[in-house]
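Trainee: I would like to learn how to read a structure like this one. Please show it and take me through it.

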Amino acid sequence: MNAKARIALLLVLLLVGGAAAYVYLVPKGERKAEDDKTPKVTTDPKTYVHVTIGEPDTLDPAYAYDTASGEIIHQLYDSLFDYENGSLDKLIPLLAAEVPSVENGLISPDGKTIKVPIRKGVKFHNGGELTPEDVEYTIERAMISDPVGGPVWMFFEPLLGVQTMEQVIAMVGGPEDFTDINEVDPAIRRKAFDLIDAAVEVEGDYVVFHLANPYPPFLQILAKGGGWSSILDKEWMIENGDWDGQPDTWAKWFDPTKEEMTLYEKANGTGPFKLQAWDRSGGQIVLKRFDDYFRGPAQLETVFVKYIEEFNTRQLMLQSGDADSIYANNQYLDQLRGIPGVRIIEGLPQVTNTALMFNFTIPYEGNEDIVGSGKLDGKGIPSDFFADVNVRKAFAYAFDYERYLKEVANGAGKIATGVVPNTLPFSNKDGEWFTHDLEKAEQYFRQAFGGELWEKGFKLTLLYNSGNNARKTAAEILEYNIESINPKFQIDVQGMQWATYLAKMDAGSLPVFFMGWSMDFPDAHNFFDAYMRSTGALAGYCGQALIDLAKAEFDDLIAQAMQVSTEAERQAIYNELHKKAFDYAIAVPYIDPTDHRVMRDWVEGFVYCPAYSANYDFYSLSKKVD
Amino acid sequence: MLTYITRRILFLPVVLIGVSLMIFIAMSFLSPAQLVSAYIKSPEELKNQSISELIEKYGLDEPMWKRYVGWMKNVLRGDLGYSVSANMYVTEAIAKRFPATLELAFFAAIPVVLGGIWLGTVSAKNHNQPLDHASRIFAIVGWSLPDFVFGLIILLIFYGVLGWFPPGRLSVWADNVILSGNFVQYTGMHTIDSLLNGRFDIFLDALRHLIAPTITLAYLWWAYILRITRSSMLDVLNKDYVRTARAKGLTEKLVINRHVRRNAMIPVVTVVGSMILGLLSGVVIVETVFDYKGIGLLIAKGAQRMDYTLILGTSLFYGVMLVLANLVVDILYAVLDPRVRLE
């Protein structure tokens, strides 16, 4: 061996030797227990490590609409209300001093005025004290910024009866569409702001909300959940360059990009943890305990949320005790069962569902690869294929719900019974819904298009976005069953790159597609609105014929349900909507999935709330270490 | 030589314009609705926002030439744009991720180059003997193994079973220190920063985290260097001047070290140059398996999401790197072979 080779070997040995020296020479106390890889798995009881996937989009509550952002915002901020022990049945005051009700006089008899007393003595992370002005500022700041695609519609709808700031501007005589807010007359902008300002007011120790119409889930919108109702410190926000609260300056902060927003990567909330660092190059967020938290300091001192896409790495970290909890997709749970010291909590109810959606008006041009001939001739499908209710019902009856639940979802969930998940009040618990019944499917196929469809058959391509194996299998289940009914029925299942799939969606070209809907707030309205209203989030992808049907049959009922004063009246309206959803088969939710958590068995105090974006409420957690 | 270097550096903008134009032309085949996929990860994210709103917001429906001109203007101002997949500005993303890759490439290059050359030399010296076969089989097995599989095996053995070399760049306690605000990150390379901050414990921890990916990369690349070194050495070993050196009575060690290896290094330098550039552009799978947050992981994620801003920015960055790396290789040629003159 020559000199250079010896040097090479020496360098390798130095690397290995350095690591060995580290393991044996650096005092264990300095390395801390979670770094110890001795066979006995140990952990630091004051430091929690959660390893998951997908980094937050932003930490600004007015912009964040994804669960990863909600997970962090949840720990940094508080809202006016919370759910008692995670149960959706009862709200408790958090930053509010009391939960308003008609009985305690804080909600007016007509349901349009809500007074919220604000708790005193609550501190922000910077030492500032919570005031009712902070609450008013938070809501108004969200509304004047109204980032496209953000969650702020949840304030606009109850307070002003619209969905966006643009609609408010149109309400006060401004243009219905504009590309730059600065093009809008300042007098119009002022009028628009005055509407917002009048909707949220401070009266002494109270914040008063003036609603456009009664809106039963309004308190849930203000509760701890997704993050949008997280209360900010007005003074600190202004100091940090955000909107100054003045009526004539707001345009500067309207529809910003996420990185332009003040709270994109910093935070000053009243929550149990402070943001120490968002290490985006290292893919981790570090939270430190807020010792002045008004409910008392958390038991954990430091929380690391690490973002690691590779499951095997996450698994090994959990196994070795370097992670206290990890995100694991349903398909990996079997791999984790039986690992000593690992606990899996399953069957956690979610307020979400996944549905088979139909396009009532399928374009032909540019869509030949999917609709074939575009005619009812056995070689394709016509544009109005799914406008025939018999076809929709036949598809709904052809889907094998049990098999999907068992083989694809691994039993994690319940078969859906309507557009509203079973975890919510007003779901379709007793009404009729679709089951797997090939005889009925055949019967409806025979009736479709006056019997012509049965005679001629059809050819259709079912698309899914590549990589989504659950949806691929759902499409294959449908393919298998429908083709077994009549040999003239041909379905091809085809994966498509996400970008191309998205372009097809945009063009309204997907004849059938799968879509999941997760609640914004735990109320049936959120689901009826999404699935059945003409202006709902999903209607745009289902063609003009569905929009027309929704306008004629569903919109009024959905609106009425929000304005009635008793639950019985709401139930009656929702029963009617459930029946219409079934009769028209506008969408076919096929599973109400349940959730699960994977953690070390030393983790204690886990509280689950289906309304939280956060998978874990770190405030409630502690680690029991011998 | 100075003229040659100046000319090559002056050629750089032409390369960069060519690279960016090629990417823009490729992008022109995509519709705005396809490009918007960078901003939307799944159908569920479409709630409360329409695809057309997003297209309008990000100007994806503007003609390609207009977008190119706008982008170029920003580049000239030093702004490479905002990357949706990295969730930060492209320049910031490169600045934050590249040091990690550089650190890994540096530590991996040492065993790869020295080990590969040594193995190649051993093979050539023992041509067609058992040692030659053994070293070639050893290296070729490494070359043939999928990096994902080998990385996982290394992770499983050295972390899952032995608990020696964990994934990531630092342990939690060390992360806690460097993110505390009292630790200055001068370079973004933990081994250097820890020494500059006087934290030898963090230096050792960073080294510990580098070992498993380094072993993986070394084993995967050895065959590459071995093969070139071996064939080049065999070629040189048959030259007349080597026979002359032996005839003069020089020791075999002296012949190999002074007359053979140095002359055999020219093709090796070429492949080492491209190998190091390959390492610097990120080793996606190794970075994924070992959760080593380098630039390779970033680019792969950006490409998956069709994050063209990031792809353009990193392409420009690597355009510069490529030109500079080739320049360094050319200069090394001249150093190794006095007959080569750079003009």
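Mentor: Chain A holds 22 helices and 19 strands, where helices (H or I, at least four residues) and strands (E, at least two) are DSSP runs numbered from the N terminus. This is a predicted model, in which local features need pLDDT of at least 70 and side-chain atom pairs count only at pLDDT 80 or more, while totals for chains, interfaces and linings use all residues. Residues are numbered from 1 along each chain as its sequence is written, and chains are lettered from A and ligands numbered from 1 in the order in which they are written.

Trainee: How compact is chain A for a globular protein of that length?

Mentor: The radius of gyration is taken over C-alpha atoms, and the globule rule is 2.2 Å times the number of residues to the power 0.38. For the 626 residues of chain A the rule gives 25 Å and the radius of gyration is 27 Å, which is close, so chain A is as compact as a globular protein of that length. Its C-alpha trace spans about 85 × 80 × 45 Å along the principal axes.

Trainee: Why is helix α18 of chain A described as largely enclosed?

Mentor: A residue is buried if 20 or more other C-beta atoms lie within 10 Å of its own, exposed if 12 or fewer, and partly exposed in between, with C-beta atoms placed from the backbone. In α18 (residues 498-506) of chain A, eight of the nine residues are buried, so the rest of the structure largely encloses this helix. The buried residues include A:W498, A:K504 and A:D506. Their cover includes β14 (458-465) and β15 (489-496) of chain A, together with α3 (32-35) and α4 (51-57) of chain B. Just after α18(A), A:G508 has a positive phi of about 65 degrees.

Trainee: How do I describe two packed helices?

Mentor: Two packed helices are described by the angle between their axes and the distance between the axes. Here axes are lines fitted to C-alpha atoms, for helices over the stretch in contact, and angles run from 0 to 180 degrees between N-to-C directions. In chain B, the axes of α6 (residues 90-125) and α13 (residues 252-280) come within 10 Å and cross at roughly 145 degrees. By class, their contact has 14 nonpolar, two polar and two charged residues. Ala, Val, Leu, Ile, Met, Phe, Trp, Tyr, Cys and Pro count as nonpolar, Asp, Glu, Lys and Arg as charged, and the others, Gly among them, as polar. Two residues are in contact if their C-beta atoms, placed from the backbone, lie within 7 Å.
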